Amino acid sequence: MLVSQNYENDANVLEFELDRDILRFIDGSRKKKKHSVGYCNCDDHPGCLTKKMMSEHDCNGKGCKWLYMSVDFDKEEKKQKRRIQIEKRRKESAEKEKMLTECRNAAFEYEGMKIMDVEKDADSLIVKYLAIAGFDKQGLETKLIDKTDVDSIEMIPLEYDFETAADIIYG
C-alpha cells in the first residue's frame, strides 16, 4: 500500500502495490524493486524514486503532495512495539544501575565486602553481595532502606572461594 507523505488533510492512499521485481522509475529507467524508496504520482513523471532522485527533486523538502511511500502497517506496528520494548528495557537498566550505584555508595565504608547486584520488587529490595570479612549486616540493611526508600531488604551472600572473592572486591 502506498501512502502520501505530505498531504494537507488526511493521508491519501494509492490502492496498488509495488509487487513486481522490476519497476519503472521517474527517469524512465527500470530497476529492481530494492532500489525504490518511494513513488511519485505526478502526471508529468509518474514512477518510482531512488534515494538519490528524492534528494535531487527535494520531494520531502518541498512537501510534495505527489510523493507516496510504501507502507506495511503490520510491519510498522511491530517496529513501534519493538521500539517501545527497547526503550522500556533501557529505562529499567538505567534505574537498576542507579539503584546499584546508590547501594554501593551506602556500603562503601564496609571493608571486605561488595554489593554485586540489586533487584527491586515492589517495596522490597534483593541485594546480592560478596564478603570476605565480617561486617555489620543490620547496619547496612538500615542504610540501604534509608537510601532506597523500600520497606524490606533481603541480603543474599554469594559463594566464591577466598582468592576469587578478594580479586572481585579489590580488583
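Which residue forms a salt bridge with Glu 77? The partner is Lys 81, and the closest N and O atoms of the two residues are 3.6 Å apart.

## Basis of the model

This is a predicted model, in which local features need pLDDT of at least 70, side-chain atom pairs count only at pLDDT 80 or more, and totals for chains, interfaces and linings use all residues. Residues are numbered from 1 along each chain as its sequence is written, and side-chain values use heavy atoms, with hydrogens and water left out.

A salt bridge is defined as a side-chain nitrogen of Lys or Arg within 4 Å of a carboxyl oxygen of Asp or Glu. The count under this rule is 5 salt bridges.

Glu 77 and Lys 81 are about one helical turn apart, because they stand 4 residues from each other in helix α3 (residues 73–106). Helices (H or I, at least four residues) and strands (E, at least two) are DSSP runs, numbered from the N terminus. Glu 77 is partly exposed, at 44% relative accessible area. For this term, buried means under 20% relative accessible area, exposed over 50%, and partly exposed in between (1.4 Å probe, protein chains only).

## A link between helix α4 and a loop

Lys 143 and Glu 109 form a salt bridge through their side chains, at 2.4 Å from N to O. Lys 143 belongs to helix α4 (residues 137–148) and Glu 109 to the loop between α3 and β8 (113–121), so the pair ties together parts 34 residues apart in sequence. Lys 143 is partly exposed, with a relative accessible area of 28%, whereas Glu 109 is exposed, at 57%.

## The pair Lys 128 and Glu 119

A salt bridge also joins the side chains of Lys 128 and Glu 119, with an N to O distance of 3.6 Å. Lys 128 is partly exposed, with a relative accessible area of 26%; Glu 119 is likewise partly exposed, at 34%.
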